[in-house]
Amino acid sequence: MEVIICKTAEEASRLAADMIAGLVKKNPKCVLGLATGSTPVKMYAELAKDVKAKKISFKNVKSWNLDEYYGLAPTHDQSYRYFMNENFFDLIDIDKKNTHVLNGLAKDWKKEVKAYEAAIAKAGGIDLQVLGIGSDGHIAFNEPGSALTSRTRLVSLTPQTIKDNARFFKKAADVPKYALSMGVGTICEAKTVVLLAFGKNKADAVKGAVEGGISQYCTASALQMHQDAWFFCDEEAASKLKLKKYYAWRGLEELARR
Ligand code: PGA
């Protein structure tokens with residue numbers, strides 16, 4: 001695990017975008033794992049700038065997203081499919097047929113998650129997975145208590161997550177209580193992982209994931225076992241790391257060596 005610490009979220013987003021752009025240039029048919037949430041939006045905007053400047057093309061890239069609310073239609077403005085179209089896919093030249101998001105309306109969710117994992121495997125696995133991190137250390141919707149070997153499945157959201165999401169819905173009753181989510185085990189199979197964490201409310205989660213014990217209580221800590229995992233943090237998110245001064249120079253050197 002490498003920790004890149006930048007002064008601002010903008011700087012960290014650009015460095016993370018460079019890693020993705022480098023992969024897309026090297027392998028125009030690469031497979032990306034993508035994430036929603038407020039954190040990766042700046043990075044997606046940077047990549048969209050690169051496409052506009054004709055530095056890279058996503059024409060032959062395939063993508064699979066981490067998760068989707070269970071019970072929401074892809075056209076719902078809070079669905080993660082909608083989010084991806086708005087914040088990334090509609091800004092770049094990707095073929096929408098090559099973009100995959102779990103179907104929140106799947107009646108038979110077991111069939112849906114099995115087919116999703118099979119499709120990823122058929123594409124050769126995920127080359128690079130983008131992640132955010134929840135303030136409780138979750139990755140995708142792998143809430144505390146998720147097995148570190150878990151696969152894509154139906155998950156129950158914690159009361160805190162449901163409460164946090166309530167602001168996006170008209171009525172409390174509309175807030176989804178379940179989601180379909182890639183598992184921690186699924187995520188850890190990606191060849192490279194790029195996790196973004198910004199702001200002081202992520203400082204405890206980053207501390208737990210990087211310097212805490214490996215635990216299902218902080219599912220991002222499973223990335224300590226990954227051979228090519230990169231955390232891109234701003235100074236606030238990295239503020240509680242004991243070895244932050246060391247990571248600050250080592251991370252950038254590792255990035256240059258890559
Ligand atoms: P955020 O969400 O990017 O909106 O902070 C991250 C997450 O919960 O995974």
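Let me start with a rule: rings of Phe, Tyr and Trp count as a pair if their centres lie within 6.5 Å. Keep that in mind. By this rule, ring pairs link Tyr44, Phe58, Phe88 and Phe89 into a cluster. One caution before we go on: this is a predicted model.

How many aromatic pairs are there? The count comes to 9. I'll show two.

Take Tyr69 and Phe169. Their rings sit 6.3 Å apart, centre to centre, with 80° between the planes. That makes the pair edge-to-face. Where are the two residues in the chain? Tyr69 is in strand S4, residues 67–69, and Phe169 is in the loop between helix H5 and strand S8.

Next, Tyr80 and Phe141. Why is this pair called stacked? Because the planes are at 10°, and planes under 30 degrees apart count as stacked. The ring centres are 6.1 Å apart. This pair also links distant parts of the chain. Tyr80 belongs to helix H3, residues 80–87. Phe141 lies in the loop between strands S6 and S7. Tyr80 and Phe141 are both buried.

Now the nonpolar cores. The largest has 74 residues. Among those with the most contacts inside it are Phe58, Phe88 and Leu195. Helix H1, residues 9–26, gives the most to this core, with 9 residues. A second, separate core has 9 residues, including Tyr80 and Val155.

Last, Leu195. What does it touch, leaving aside residues up to four places away in sequence? Its contacts include Leu131, Ile139, Leu223, Trp230 and Phe232.

Note on methods. Residues numbered from 1 in each chain as written. Predicted model: local features only at pLDDT ≥ 70, side-chain atom pairs only at ≥ 80, totals over all residues. Heavy atoms only, no water. Core = buried A, V, L, I, M, F, W, Y, C linked by side-chain atoms within 4.5 Å. Buried < 20%, exposed > 50% of the residue type's maximum accessible area, 1.4 Å probe, protein only. Helix = DSSP H or I, 4+ residues; strand = E, 2+ residues; numbered from the N terminus. Contact = heavy atoms within 4.5 Å. Phe/Tyr/Trp six-rings, centres within 6.5 Å; stacked < 30°, edge-to-face > 60°.
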